[in-house]
Amino acid sequence: MSIYDSQVVVYVTYQGTPEDRFDREHYNNVHLPLVMRSWGKYGLLNVAAFYPAREETGTVAVCECIFRDEAAMETVFSSPEVPEVMADVPIFTDLIPIRVRAQRL
């Protein structure tokens with residue numbers, strides 16, 4: 001059994017159009033470091049942002065969040081830091097983040 005077998009991956013996606021406001025600089029330089037500072041202590045191992053190669057209607061941004069395990073993910077999303085992290089969202093976008101848990105095949 002590998003350490004990767006217990007890890008949990010969650011994708012946070014933002015759906016919209018090229019005209020929708022999404023400040024990539026703030027997201028990369030402020031929001032993702034805030035997420036790691038807030039939740040790394042609970043078992044969030046890594047976050048990475050991805051953007052479509054072309055600007056078109058659909059996915060505007062994707063964040064891959066890797067958690068140590070199921071317990072870490074549950075702890076993060078019920079932690080006292082959730083309000084602070086979520087309060088940063090309206091600063092970089094008006095889009096609603098959607099969380100999707102991935103499952104290894």
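**Side-chain contacts in the predicted model**

With a relative accessibility of 12%, E81 is buried. The model is predicted. E81 forms a salt bridge with K41, and their closest N and O atoms are 3.0 Å apart. E81 lies in the loop between α2 (70-77) and α3 (82-92), and K41 in the loop between α1 and β2, so the bridge ties together parts 40 residues apart in sequence. K41, by contrast, is exposed, at 57% relative accessible area.

Five salt bridges were counted. Among them is the pair R101 and E70, with closest N and O atoms 2.7 Å apart. R101 belongs to strand β4 (residues 98-102) and E70 to helix α2, so this contact ties together parts 31 residues apart in sequence. R101 is partly exposed at 45% relative accessibility. E70 is partly exposed at 30%. Another salt bridge joins the side chains of E56 and R54, at 3.2 Å from N to O. E56 is partly exposed, with a relative accessible area of 42%, whereas R54 is exposed at 58%.

Aromatic pairs number nine. One of them, F22 with Y51, is edge-to-face, with 6.3 Å between centres and 70° between planes. F22 sits in the loop between β1 (8-16) and α1 (24-39), and Y51 in the loop between β2 (44-50) and β3 (58-67), so the pair ties together parts 29 residues apart in sequence. F22 is buried at 12% relative accessibility. Y51 is partly exposed, at 23% relative accessible area. Both residues belong to one aromatic cluster, formed by Y14, F22, Y27, Y51 and F92.

A ring also meets a charge. The charged end of R99 sits over the ring of F77, 3.9 Å from the ring centre.

Methods. Residues are numbered from 1 along each chain as its sequence is written. This is a predicted model: local features need pLDDT of at least 70, side-chain atom pairs count only at pLDDT 80 or more; totals for chains, interfaces and linings use all residues. Side-chain values use heavy atoms; hydrogens and water are left out. Rings of Phe, Tyr and Trp (its six-membered ring) pair if their centres lie within 6.5 Å; planes under 30 degrees apart count as stacked, over 60 as edge-to-face and the rest as tilted. Helices (H or I, at least four residues) and strands (E, at least two) are DSSP runs, numbered from the N terminus. Buried means under 20% relative accessible area, exposed over 50%, partly exposed in between (1.4 Å probe, protein chains only). A charge sits over a ring if NZ of Lys or CZ of Arg is within 6 Å of the ring centre and within 35 degrees of the ring normal. A salt bridge is a side-chain nitrogen of Lys or Arg within 4 Å of a carboxyl oxygen of Asp or Glu.
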